[in-house]
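Visitor: Please show me the model, and let me ask on what grounds its residues are described.

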Amino acid sequence: MAAAAQEPKHPGGETGDFGYELFPERSQKGVNKPSSLISDLFTFNNKCRVMLHFATETSPYAKLLLRAMNSSGCTVLKDRHFSCEDCDGSVSGGFDAASSQIVLCQNNIHQQAHMNRVVSHELIHAFDHCRAHVDWFNNFRHLACSEIRAANLSGDCTFNNEVARFNVGLKQHHQECVRGRALRSILAVRKISREEAEKVVDEVFDTCFNDHAPFGRIPHSKKDAKFAFREYENRDRYYANL
């Protein structure tokens with residue numbers, strides 16, 4: 001998600017070109033090493049799991065995304081599809097397309113609000129992975145589109161978060177926040193020039209920024225996300241009553 005709290009999304013690849021070096025507990029095949037009791041006791045692993053549970057049970061962003069994935073035939077299981085791991089200090093999470101797992105950086109996530117954002121951000125990548133034939137490793141346009149959607153819909157660029165980063169007052173500020181965070185994520189996990197990354201983001205920005213699935217709207221706040229979740233839950237009631 002951004003410079004000091006960057007969250008590149010796609011650890012993977014045998015050469016390190018896809019960001020795997022940022023996630024040292026990922027094997028070359030993209031599967032995490034199993035945790036041990038000692039690891040659970042003496043690292044942030046247990047705290048990470050507790051915060052993950054709280055995020056999936058209380059965050060309207062995460063709840064809507066989990067419900068939408070289930071409706072699309074991609075049920076998410078916490079023990080299978082989430083992994084709390086130690087990561088490079090520059091990242092907070094990632095989506096490993098090779099194993100269909102969301103990585104949560106237990107050494108870098110220390111607050112529940114941060115966990116909620118990371119879980120929501122990565123679930124948007126997982127949702128895109130579920131609903132579309134995304135070529136994460138070879139098609140920069142696909143990657144850029146999902147990064148734009150994740151920054152736009154996960155709460156990354158809410159007013160409160162931007163105020164905390166001292167980023168306020170710009171025209172079309174939300175769009176610029178989304179664009180900037182998508183660009184930084186791409187540059188963190190792909191060996192391409194900034195000019196090339198900017199070109200790719202610009203090419204797909206309008207289409208992907210306006211793709212609000214499954215929210216139906218841009219959730220600019222937790223309140224917006226709650227409304228979106230309520231609407232998603234009630235989407236079939238009209239037809240059921242006909």
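Predicted model: local features only at pLDDT ≥ 70, side-chain atom pairs only at ≥ 80, totals over all residues.

Visitor: Why is H81 called buried?

Guide: Buried means under 20% relative accessible area, exposed over 50%, and partly exposed in between (1.4 Å probe, protein chains only). H81 has 19% relative accessibility and therefore counts as buried.

Visitor: What makes D128 and R131 a salt bridge?

Guide: The term requires a side-chain nitrogen of Lys or Arg within 4 Å of a carboxyl oxygen of Asp or Glu. For D128 and R131 the N to O distance is 3.3 Å, and the pair meets that criterion. D128, at 4% relative accessibility, is buried, whereas R131, at 38%, is partly exposed.

Visitor: Why are D128 and R131 separated by about one helical turn?

Guide: Because they are three residues apart in helix 5 (residues 112–131). Helices are DSSP runs of H or I with at least four residues, numbered from the N terminus.

Visitor: How do you know that R217 forms a salt bridge with E231?

Guide: Their closest N and O atoms are 2.3 Å apart, and the limit is 4 Å. R217 lies in the loop between helix 9 and helix 10 (222–233), and E231 in helix 10, 14 residues apart. R217, with a relative accessible area of 26%, is partly exposed.

Conventions
Residues numbered from 1 in each chain as written. Heavy atoms only, no water. Helix = DSSP H or I, 4+ residues; strand = E, 2+ residues; numbered from the N terminus.
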